[in-house]
Amino acid sequence: MEDQKYEETKNYISTGKIPKNIPSTKSNFIATSKKYKLNKKGFLTRDNKVVIQAKNQQKIFKAFHKHSGRSACWERIKKR
């Protein structure tokens with residue numbers, strides 16, 4: 001998830017305040033935010049899975065994805 005969207009969603013869930021500059025309508029932002037929850041450690045989750053910020057995606061991928069074709073695999077995942 002994009003870093004700014006991650007922080008805005010996290011702040012909305014914890015405080016209930018809608019950010020001033022949202023990329024869509026208020027109702028869309030609220031509907032999207034309802035799909036997420038904060039876990040005990042304060043990380044955003046969706047369907048009981050931790051949501052990864054864009055700035056950490058490649059680092060986490062490299063730490064847990066070890067095989068000879070991981071570079072090509074990363075390129076496919078980046079396109080999503």
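**View 1. A three-stranded open sheet in a predicted model.** The strands run in the order β1-β2-β3, and the pairing is antiparallel. β1 (37–38) and β3 (49–50) sit at the edges with a single partner strand each, so one side of each has no neighbour in the sheet. As a bit of background, strands of a sheet pair through backbone hydrogen bonds, in either a parallel or an antiparallel fashion.

**View 2. Zooming in on β1 and β2.** Here β1 meets strand β2 (residues 44–46), and two bridges hold the antiparallel pairing on record. Look for L38: the residue standing opposite is L44 in β2.

**View 3. The loop between β2 and β3, with D47 and N48.** Check the backbone torsions here. D47 isn't a glycine, yet its phi is positive, at about 55°. N48, also a residue other than glycine, has a positive phi too, near 60°. For context, most residues other than glycine have a negative phi. What about the side facing out? D47 is exposed, with a relative accessible area of 63%, and N48 is exposed as well, at 79%.

**View 4. I77 in helix α4.** The helix shown spans residues 70–78, and I77 belongs to it.

Methods: Residues are numbered from 1 along each chain as its sequence is written. This is a predicted model: local features need pLDDT of at least 70, side-chain atom pairs count only at pLDDT 80 or more; totals for chains, interfaces and linings use all residues. Side-chain values use heavy atoms; hydrogens and water are left out. Two strands pair if DSSP finds at least two bridges between them. Helices (H or I, at least four residues) and strands (E, at least two) are DSSP runs, numbered from the N terminus. Buried means under 20% relative accessible area, exposed over 50%, partly exposed in between (1.4 Å probe, protein chains only).
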